[in-house]
Amino acid sequence: MTPSARTQAAIELLDQIIAGARDSGAAADTIVARYFATRRYAGSKDRRAVRDLVYAAIRALGERPASGRAALLALAKADPELAATFDGVGHGPAVIGPSETPAKTGIAPNWILDRLRQSGLDDSEFPALIDRAPLDARINRVIDEVIEIEGAEPIAGLPNGLRLPSGTQVEQLPAYNHGAIEVQDAGSQFVTLAARAQPGQRIVDLCAGAGGKTLALAAAMGGQGALLATDTDRARLSRLAPRAERARAGIIETRLLNPGREVEMLDDWLGSADCVLIDAPCSGTGTWRRNPEGRWRLTPDRIERLVETQRHVLEVGATLVKPGGTLVYIVCSLLDEEGAGQVAAFLAANPGWRAQSVDLGAGRAHGAGTRLTPAHDATDGFFVARLQHA
């Protein structure tokens, strides 16, 4: 592909990603993969160059742009080499017209930035929200194997955490294939520590998804006890079983739940769990480093619906905890309405519960819990609270 053809490909991809963000369609990575699956003529260097251009535009634009061309014009404004590829030759994009308006660069839509400020986040922390994320992994100590990965470094505060060199092909590593490591952001590892999982306990991971935190809980339990992973999303939950087998996490049981019937379908666990971990569905404002197009998908109405869902899963989770047990509430969001505010509302409505201190070795106290941010902790953004049932 010529440089001009690469630019045109990036424009076409961005048009699809913009439409997906507007209409709650496929994620950017999925769209990129589908695009190149039908264009076998594009070599590995072409695919990498186009993908880098697409994500450079996504990271640069806080507001969802009107079109892929407007998005690329924003980059071309500061990049003469990119601007030169708008030459109208062959498969290249048309020459830039004098009246064309580039998309506006920025961190995120102003209404979201205002909510982040209201949640106590300083403007100086905003740029880190869209930095490129590092590649982190968790060592699975259940498997006794020496981990040797060139360039890997330990993560302070995480005895099982490794930061891998960017571009590491993790799935080709022997340690990965043997189940000795799992890809997991350091922040996700830190907040899972709030469960204080121990061998022999009964634990529920209520919104398990594909099971990253479930696997960390299983490792902490050393293969002893009962660990139930549930979700209402069949596709996501189905990815856990092969991961659990590879990690030799035989104590994990999965259960698909029907929305609105969770308590009924968990009646055998009512009031008996030592700990219920809730990694609640949220806006993902703490994960823009990995999913930068997430800023284009958010609306006030969507956040309001997520807050209602979070309130519901907290109520469900609370019914499963035994007296003296704990409820660990996690969101990968930096908005107080989803984090500290959500927990404050739960505690006000449930006087039989109290917040416990959460000392993770990372993050800062925030409300009744702890908050991690990309700028302060070099992790994804999270809020976590540990609540004890009287």
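Which residues gather in a patch of positive charge on the surface? They are Arg40, Lys45, Arg47 and Arg48. A patch is made of residues with over 30% relative accessible area and no salt bridge, with like charges joined within 9 Å. Lys and Arg count as positive, and the place of a charge is taken as NZ of Lys or CZ of Arg. Arg48 belongs to helix H3 (residues 44–60) and is partly exposed, at 48% relative accessible area.

A word on the background: this is a predicted model, where local features need pLDDT of at least 70 and side-chain atom pairs count only at pLDDT 80 or more, while totals for chains, interfaces and linings use all residues. Residues are numbered from 1 along each chain as its sequence is written, and side-chain values use heavy atoms, leaving out hydrogens and water.

Buried means under 20% relative accessible area, exposed over 50%, and partly exposed in between (1.4 Å probe, protein chains only). Helices are DSSP runs (H or I) of at least four residues, and strands (E) of at least two, numbered from the N terminus.

Now to helix H4 (residues 68–76): nine of its nine residues are buried, so the helix is largely enclosed by the rest of the structure. Its cover includes helix H1 (3–22), H3 and helix H5 (80–84). One of the buried residues of H4 is Arg69, with 19% relative accessibility.

Arg69 also takes part in a salt bridge with Glu100, a salt bridge being a side-chain nitrogen of Lys or Arg within 4 Å of a carboxyl oxygen of Asp or Glu. By this rule the count comes to 23 salt bridges. Here are three of these pairs, with the distance between N and O:

| Pair | N to O distance |
|---|---|
| Arg69 and Glu100 | 2.7 Å |
| Asp136 and Arg163 | 2.6 Å |
| Arg289 and Asp185 | 3.4 Å |

Finally, look at Leu215 in helix H9 (residues 212–220). Leu215 is buried, with a relative accessible area of 3%. Leaving aside residues up to four places away in sequence, the residues it touches (heavy atoms within 4.5 Å) include Arg138, Glu182, Leu240 and Arg243. The C-alpha atoms of Leu215 and Arg243 are separated by 8.1 Å, and the two residues are 28 residues apart along the chain.

Definitions and conventions. Patches are made of residues with over 30% relative accessible area and no salt bridge: like charges are joined within 9 Å, nonpolar side chains (Val, Leu, Ile, Met, Phe, Trp, Tyr) within 5 Å. Accessible areas come from the Shrake-Rupley method with a 1.4 Å probe; for residues, only the protein chains shown count as cover.
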